[in-house]
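Please keep the sequence and the model open while reading this note. The points below go from the whole chain to single pairs of elements.

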Amino acid sequence: MLDFFSIFSKGGIVLWCFQGAGVTESFTGPVNALIRSVILQERSGNNSFTHESLSLKYKLDNEFELIFVVGFQKILTLTYVDKFIDDVQLCFRDRYKNELEQKGALKLLNNNFEFGDDFQVLLREAEDTSRARSPAPMRTFKESEKSQKTVKSMIETKGGEKVKEQGGKKNKNTKKEAPAAEPVKVDQGKTPSPGQKTVENGNQGLTHDEIMQKNREEFARKRMGVATAKPSKSPKPQKPREKQMRVWGLSGSSDKNLDYSGRNGDGSQNGGDQNQEAQHDPKMQLSSMKGDLLSVDYESDKEEEMEEEEERVLVNATSKTSSKKGGGFGGMFGMLKGLVGSKSLTREDMESVLDKMRDHLIAKNVAAEIASQLCDSVAKKLEGKVMGTFTTVASTVKQALQDSLVQILQPKRRVDILRDVMEAQSQRRPFVITFCGVNGVGKSTNLAKISFWLIENGFTVLIAACDTFRAGAVEQLRTHQRRLNSLHPPEKHGGRPVVQLYEKGYGKDAAGIAMEAIAYARNQAFDVVLVDTAGRMQDNAPLMTALAKLIAVNMPDLVLFVGEALVGNEAVDQLVKFNQALADHSMSDKPRLIDGIVLTKFDTIDDKVGAAISMTYITGQPIVFVGTGQTYNDLRSLNPRAVVSALMKA
């Protein structure tokens, strides 16, 4: 039933392995995929992993730094695997505890772990118990709740109430025997005694004298209000305010200042005015962006240092109070018990801290599902681990979560676009980047920023206007082209514009326009082609099919998903469905999926940077660019430690 079972250390040393009868394929491929995709990327919240036709279950032993992995065909439903892997872990630990406590890889290699007989015994017991476990028998009719009901109890009266059974009648009789207390009736001719309580007009619990005093006060209050208050007339309806004429800041100037027809359009009259526009517009005086992009600023948080200091003070204070309460040796031992980390962590110890961490991550815009998976992964990573000296559970969990978040945000592959463009130059072909995403996230704006960065590094850019759906999309790109060419005049580049726009208008096939643009760039020796696509919601099947067709036909070098830093749970849905659509509508066995992420509007979220974690965790792809403003200079690369620092800030 089992294909393989392997026990190895986190350092990569295989201590023992088992391979099922009739299994000829090596299990190194699935195990390596598990290590790459789950363990190294801090995704161990779920203890199962699927690789091709195999389903893998694994368990981490953090005390001895071991990993237990079992593999079987995913079409099988083996209910005993979870308990079986726990039994194997306990048996292996108990038998080779002395050998495992010896630190060092050489000592592990020198030991001989003969575990085959014990493994077969445990496997046989697990299979026997699964066979012996029969499905739960159905209850008889007499054991069900329905058998307790009678026909009389299910008949409804005219008032909508069900007729009660004999037991209910008894309750009615008891209620009739003890009727509710009625208010005391007082004759008009008789005055009640001062101690007698009345229950009239909501004055429960007041004597007659107190009620009289209360009525006098209310009468006096009303009388004073009538004497002072003026008779209120119905207010007259106010006349609506008339619209005031707007006074413009340029009042008195001629209309020629507002006429942009000579400087707007296809460039017929603006050949010499582009440089003047760059000189007169202060916003276009931009700094140089040669070389690699700057990373998002990392500020050493004094608040975090103060929090750690407060935590230390709190630990000291609790230790002092415990020493005062205990007194003598008891207090000293209590203090050592609270501080010295000689105990191994359990799930119960971390539960309260993990709940607070989960709520904190959700408040910082991390998707709820991702936050739960991260906390479960940290719990499995720390369970059974011996705490360090003079550390608390909260600080240990927080540090482990920080390390996991940094590991998630670190790129798993080399991301160097400038080097890739130069490599494509040597092959005499353009480097093609396709941008996709939902509506309104800033695809065209960030495409222009990336164009400016590439121009600053000496490359020529062709923009393919493949958004043939949104009105004004082509004009927006044409405006960016004109402004970029004014910043880098053709006179400084041998008379050739560094940015050109390839467009065929609206209503055309986007995949065909992209193909023609790439062919044009190859003939005209452009270095980079940036393909702008129409924004589309992840649930729009026709548009998602068109995007998959564009990518499958043209095979760009880089597919970038443009997403907002403002989204929370929506980021998971967007990325999952975009990747699913690209996979479903692809024509190849290995479909082309999203290669990287452009995170926009990063300057609008303060420290709520959870979308970066959600997007990276879902796709496993790096964040290549970060948009931090509205000018061409506002483009950065991601600094994982800066993001994690902002994320963990209280």
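The numbered points that follow describe a predicted model.

1. Overall content. The protein has 21 helices and 15 strands. Of its 650 residues, 40% are buried. Among contacts with a separation of 6 or more, 71% are between residues 24 or more positions apart.

2. The hairpin of β3 and β4. Strand β3 covers residues 48-51 and strand β4 covers residues 54-61; the two run antiparallel and are joined by four bridges. F49 stands opposite L56 in β4. Two residues lie between the strands of this hairpin, and E52 takes a positive phi near 55°.

3. The open sheet. How many strands form the open sheet, and in what order? Eight strands form it, in the order β10-β9-β11-β8-β12-β13-β14-β15, with mixed pairing. As background, strands of a sheet pair through backbone hydrogen bonds, either parallel or antiparallel.

4. Its edges. β10 (499-502) and β15 (635-636) each have a single partner strand, so one side of each has no neighbour in the sheet.

5. β9 spans residues 461-466 and runs parallel to β10, with four bridges joining the two strands. To find the pairing on screen, look for L462, which stands opposite Q500 in β10.

6. A helix on the sheet. Which strands does α18 lie across? The helix lies across β8 (431-437), β9, β11 (528-533) and β12 (558-564). Relative to β11, α18 runs at about 165°.

7. Two packed helices. Two packed helices are described by the angle between their axes and the distance between the axes. For α17 (residues 510-523) and α18 (residues 541-554), the angle is about 30° and the axes are 8 Å apart. Angles under 35 degrees count as roughly parallel, which makes α17 roughly parallel to α18. The crossing of α17 past α18 is right-handed.

8. The residues between them. On the α17 side, the contact is made by A510, A511, A514, M515 and I518. On the α18 side, K549, L550, V553 and N554 take part. By class, this contact of α17 with α18 has seven nonpolar, one polar and one charged residues. Lys counts as charged, so K549 is the charged one.

Conventions: Residues numbered from 1 in each chain as written. Predicted model: local features only at pLDDT ≥ 70, side-chain atom pairs only at ≥ 80, totals over all residues. Heavy atoms only, no water. Axes fitted to C-alpha atoms, helices over the stretch in contact; angles between N-to-C directions. Parallel < 35°, antiparallel > 145°, perpendicular 65-115°, else oblique. Left-handed = near helix turned anticlockwise from the far one by under 90°. Contact = heavy atoms within 4.5 Å. Pairing = 2+ DSSP bridges. Buried < 20%, exposed > 50% of the residue type's maximum accessible area, 1.4 Å probe, protein only.
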